[in-house]
Amino acid sequence: MEAYKVVFHIDESSKWGILLANVKNLIKDLGRDNIIIEVVANGAAVAEYLNDINEANDISSENEVAGRIYNLSKLGVDFAACRNSLAANKMEEKLLPDFIKVVPAGITELIKKQAEGYSYIKP
Amino acid sequence: MEAYKVVFHIDESSKWGILLANVKNLIKDLGRDNIIIEVVANGAAVAEYLNDINEANDISSENEVAGRIYNLSKLGVDFAACRNSLAANKMEEKLLPDFIKVVPAGITELIKKQAEGYSYIKP
Amino acid sequence: MEAYKVVFHIDESSKWGILLANVKNLIKDLGRDNIIIEVVANGAAVAEYLNDINEANDISSENEVAGRIYNLSKLGVDFAACRNSLAANKMEEKLLPDFIKVVPAGITELIKKQAEGYSYIKP
């Protein structure tokens, strides 16, 4: 069976908790090899990408958004940030963790992925 | 003409009112035979599935969420609940009305339906 | 390359700011000729369509929702309003600006567009 593909969209910081729980349950349900997952953050939601995510010694806790993002990235989940939103939030790209992919516009990324057959989920 | 297919996603209890109005208007607009509808609830939104929905004598009112869900199910609209969310809300599956379909993970259901050609709507 | 196609869904008035910024950035990123955009408003979000949008002398400001809608329509972005929602908000169709397309049901429009290959975005 071909793997399913999904792109998650988040533009509000308050939705990180439910989104990350969704991703975790999804992997548990389908099995890691049967689903390709990309999370695209734009708007205010990009702020969490800089929130202590680089401090490796602090991100082991499953209670922290940054740690949960890091742990899912280790499982092969892709995380993207919208460049326009980073600029609007005065966040420097070079300070982002290496595993975060910066895209010119988050909305474009969401459209391109859907055109490639990805399902869309907005928690 | 082949029927349209749509999957509605709800993860916040406060969105039931607008979602059920959307479904009702959709059926009225396209005609019952021209649209296949499934509603997938996860997160906190699953709570309404137990809210007096079993009390047949109380669900005739169009003003109550539970009654409106029941009435739409009679019209052939499918309603699904995420098992993970039921557990998180300490809801017993056996207490759910028979017409509610329990799925292992709501997000997986939403992805599979889109892969089958369903449109996605998040009110 | 064939142009990408996207339908934006808005049902809360508070989301107009982020939606219009999304549309603007999208056009800037892909180029006007490479993307076909329709915005479908239903629920309470239709109210902005009447909010001074007809007063041409007041809509030059990029700070006002109505002005930004008007300016994007000039760039070829389509804006649609749900007839059910207009009625629910006691808004007269004949008072809407000419460039607003009234559709019988906003949800139907969103489903039809996705069935035609449009991506779906809900800011």
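**Close-up views of a predicted model**

**View 1. Strand β3 of chain A and its neighbours.** Strand β2 (residues 35-41) of chain A is joined to β3(A) by four bridges, and these two strands run parallel. Strands here are DSSP E runs of at least two residues, helices are H or I runs of at least four, and both are numbered from the N terminus. Two strands count as paired if DSSP finds at least two bridges between them. Look for A:A41, whose bridge partner in β3(A) is A:A81. β3(A) also pairs with strand β4 (residues 100-103) of chain A, again in the parallel sense and over four bridges. There, A:C82 sits opposite A:V103 of β4(A).

A word on the model: it is predicted, so local features need pLDDT of at least 70 and side-chain atom pairs count only at pLDDT 80 or more, while totals for chains, interfaces and linings use all residues. Residues are numbered from 1 along each chain as its sequence is written, chains are lettered from A and ligands numbered from 1 in the order in which they are written, and side-chain values use heavy atoms, leaving out hydrogens and water.

**View 2. How enclosed is strand β3 (residues 78-82) of chain A?** Four of its five residues are buried, so the strand is largely enclosed by the rest of the structure. Buried means under 20% relative accessible area, exposed means over 50%, and partly exposed lies in between (1.4 Å probe, protein chains only).

View 3. Most residues other than glycine have a negative phi. A:K90 is not a glycine, yet its phi is positive, about 50°. You'll find A:K90 in the loop between α3 (83-88) and β4 of chain A, and it is exposed, with a relative accessible area of 77%. C:K90 also has a positive phi, near 50°. C:K90 is in the loop between α3 (83-88) and β4 (100-103) of chain C and is exposed, with a relative accessible area of 77%.

**View 4. Where chain C meets chain B.** The contact (heavy atoms within 4.5 Å) takes 17 residues from chain C and 17 residues from chain B. Together the two chains bury about 1,300 Å², 62% of it on carbon and sulfur atoms; buried area is the accessible area (1.4 Å probe) lost when two parts are put together, summed over both. Helix α4 (residues 106-115) of chain C gives the most to the side of chain C that touches chain B, with seven residues.
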